[in-house]
Structure formats: C-alpha cells, structure tokens
Amino acid sequence: MSEIDPTLRDEQYQLRVRDLHKSFGSHHVLRGVDLDIERHKINIIIGGSGQGKSVLCKHLMGLLKPDRGAIYVDGEDIVPLDEVAMNRVRRKFGMLFQHAALFDSMTVEENVAFPLREHTRLSRKKIRELVTDKLELLGLRNAEQKMTSELSGGMAKRVGLARAIVLEPEILIYDEPTTGLDPIATKNVDNMIAETARRLGVTSIVISHDMASTFRIADHIFMLQGGRIVASGTPGEILRSDNPDLRLFVETSGAVKFTQGRARGGLG
Ligand SMILES: Nc1ncnc2c1ncn2[C@@H]1O[C@H](COP(=O)(O)OP(=O)(O)O)[C@@H](O)[C@H]1O
Ligand SMILES: [Mg+2]
C-alpha cells in the first residue's frame, strides 16, 4: 500500500484517498473512501451527522491512522510515515475546528501570533508583521487588542481562521464552520472562505451541514454516507444527480430544490 501509484501523481490533485478504512472497536466508520481533492478549489464534504466526516478529515492531516488504504498528499502516501515525517506533512495544513478554541486569556493579536511563537524562531517584529497581514486580510485590524471573550461568534471564526492561516498552509480544512451562527454571520463565513481561497490560492476542504452555504461556494461537492463517497461532482452535477440518498439529503435542507426529476437550485 505504501507504493506510490504513478497514476496518482497528477499535479491537478492536492490530495487523493484510496480505499480508506477505519473502525473504532466494532464500529466500521470508513468503509472504502475514495476521494480526489483538486488543488486551489473549494471542496465541500456533506453527509449526515455521525457518518465519519470529521474522522475522514483527521485522517487527511495525519491525526488518525487508517486500518487500511492510502492517502496521497502531493503524490506522497502519508499512511506509512512516522511522526517526524508526518509533522512535515502537517505543516501543509491549517485547520479551523468547529469550536474555534481560542485562548480566552489572550488578545486577538496574541491568539493569531501563537502558532508563530510556537513553531518558528521569527523575530517579534517579523511576527507582528505577519499577524498584521492576516488580521488585515480578515478585516480584524480594529479588533487586534480585544480579548477573545468579547467577540461575537462570527468574529471568533475569523480570528480562528487568521490563526489557521498564519503559518501559510497550502490546504485549509474547515470542520462545520457555520455551526451555531445566525444567517448573516453564516454568509460572512462563506464569504471569508471564498475570499481566503481566492486571495491565498489555498486548497479548501469544508465539512458542512449547511446546503445553502455549500451550493453558494463549492467548486466540488462530495457526499459521505455509509462509510463511502456516494456522490461527487460540481454543484451543477450534484443537482442533476439521481442518487436518491443525495436528493433526500439535499432536498430536506430546504435550501435547494429538485423539480420534475431535475434539480433547480434556489441558490442565493
Ligand atoms: N476517537 C473515536 N473513538 C471512537 N469512536 C469515534 C471516535 N471518533 C469518532 N468516532 C465515531 O465515529 C463516527 C463518526 O464520527 P464523526 O466523524 O465525528 O461524524 P461526523 O460525520 O458527524 O463528523 C461516530 O459514530 C463517532 O462516535
Ligand atoms: Mg463532525
């Protein structure tokens, strides 16, 4: 399994997963996941809760080891790597967790500077420069001296994202970034994801339960169900899918409509 399949070295793909399996005890969560993530695109993974979306993403950045299968990051299978080699690969990733997990006792600026203080030997001046740059990008320049406990949910997400991009990752993973946000804050987070993808040229992988957001910003949508990717395509392709599970899942959200066997997106 550790051999690199030459057909998988395609430059177009940042990440490719083949036949990934993972069980916890007798619970077989991932049952042969195949996934191709294109470079620089916004890739969204949808699926019911408990289907293994978070578990899949933890595998992508080497936080969990699969029981079987291969995960190619830039053509390199990361499954057989030891911790030292894995840490090198992890540097390619930034992650925005469902709960931003900011440090309450620190200011916005200190939160964003934290990864640089932990993982680099840059000067204070250089760190300040990089932090200011990211705060600027996310419209947080006026909030830099605020304590994170004072922030709204949407603002906290932005700080979490500023912190996730401060080490300049190539791949950004967002795990349900709009959970618990109101519709306006949700739209702001969508815009933030799209803007970050465009400005930084990162490859984005977003786990989402929010169909309106998904169809608003995705370049490519994957549905994870029963431990496998059961549907994959552009939003347009997904809307033409006749996979009944996919249609039920998307339709139940009320955000997107299929009509007369064909789909119509109510995308706003
Ligand atoms: N570390 C773990 N140990 C045992 N079971 C786990 C662990 N992580 C996840 N699971 C189980 O795997 C399944 C998928 O979880 P998860 O990936 O979090 O689902 P979701 O699609 O909602 O993100 C769930 O049943 C969860 O309880
Ligand atoms: Mg999850």
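**Helix 6 and its surroundings**

Tutor: Helix 6 is followed by Gly 201, whose phi is positive, near 65°. The model is predicted, so local features are given only at pLDDT of at least 70 and side-chain atom pairs only at pLDDT 80 or more, whereas totals for chains, interfaces and linings use all residues. Residues are numbered from 1 along each chain as its sequence is written, and chains are lettered from A and ligands numbered from 1 in the order in which they are written. Helices (H or I, at least four residues) and strands (E, at least two) are DSSP runs, numbered from the N terminus.

Helix 6 comprises 18 residues, 183-200, which at 1.5 Å a residue should span 26 Å; the end C-alpha atoms are 25 Å apart, in agreement. The expected span is 1.5 Å times one less than the number of residues.

The buried residues of helix 6 are Thr 186, Val 189, Asp 190, Met 192, Ile 193 and Thr 196. They fall within an arc of 155° when seen down the helix axis, so they line one face. Here, buried denotes 20 or more other C-beta atoms within 10 Å of a residue's own, exposed 12 or fewer, and partly exposed in between, with C-beta atoms placed from the backbone. The arc is that of the directions from the helix axis to the C-beta atoms. In general, an α-helix has 3.6 residues a turn, so residues three or four places apart point the same way. On the other side of helix 6, Pro 183, Ile 184, Asn 191, Arg 198 and Arg 199 are exposed.

The cover over the buried residues of helix 6 includes strand 3, helix 5, strand 7 (171-175), strand 8 (203-207) and helix 7 (211-217). Contact requires C-beta atoms, placed from the backbone, within 7 Å of each other. Helix 5 (153-165) also packs, together with helix 3 (108-119), against the buried residues of helix 4. Those residues are Val 131, Lys 134 and Leu 135, and they fall within an arc of 100° about the axis of helix 4, so they too line one face.

Leaving aside residues up to four places away in sequence, Arg 39 touches Gln 12, Tyr 13, Gln 14 and Thr 203.

Technical notes. Two residues are in contact if their C-beta atoms, placed from the backbone, lie within 7 Å.
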